[in-house]
Amino acid sequence: MQSRILGYCRKSKSLESLSSKFVSEFEGKLDNVIELDKITQKLNVERRRMYDIINILESLNVVCKNGKNNYLWKGLQQAVITIQHCQNNNE
């Protein structure tokens, strides 16, 4: 309650909320370059929070490192492919 009084809503800074905003920026735009500095400013979050999201998306092959502070968006379909590949390897 007090956090709302001070103008800060914890839920708006949650990883779930930030991930949804991040994905909506790039969904449907294949091979789009993600400039970490720009998206951090646009979403008004700390860089470390963006790295939390990037690390998960990178492990699912949704993004790949393209250069310093730059990533390439490969699409959410890559996550499905990666998960299916992992399931097939475990059978």
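Axes here are lines fitted to C-alpha atoms, for helices over the stretch in contact, with angles running from 0 to 180 degrees between N-to-C directions. The structure is a predicted model, in which local features need pLDDT of at least 70, side-chain atom pairs count only at pLDDT 80 or more, and totals for chains, interfaces and linings use all residues. Residues are numbered from 1 along each chain as its sequence is written, and side-chain values use heavy atoms, with hydrogens and water left out.

We can start with the overall layout. The protein chain contains 5 helices and 3 strands, where helices (H or I, at least four residues) and strands (E, at least two) are DSSP runs numbered from the N terminus. Read from that terminus, the order of elements is α-α-β-α-α-β-β-α. Of the 91 residues in the protein chain, 26% are buried; buried means under 20% relative accessible area, exposed over 50%, and partly exposed in between (1.4 Å probe, protein chains only).

Leaving aside residues up to four places away in sequence, V63 touches I34, I54, L57, E58, Y71, L72, W73 and K74.

Helix packing is illustrated by α2 and α3, whose axes come within 11 Å and cross at roughly 120°. The two helices are therefore oblique to each other, the class left for angles that are not under 35 degrees (roughly parallel), over 145 (roughly antiparallel) or 65 to 115 (roughly perpendicular). From α2, the contact involves L18, K21, F22, E25 and F26, and from α3, I39, K42 and L43.

Finally, L76 sits in the loop between β3 and α5 (77-90). With 34% relative accessibility, L76 counts as partly exposed. Its contacts, not counting residues up to four places away in sequence, are V23, E27 and V62. L76 and L60 are 16 residues apart in sequence, and their C-alpha atoms are 8.7 Å apart in space.

Notes
Contact means heavy atoms within 4.5 Å.
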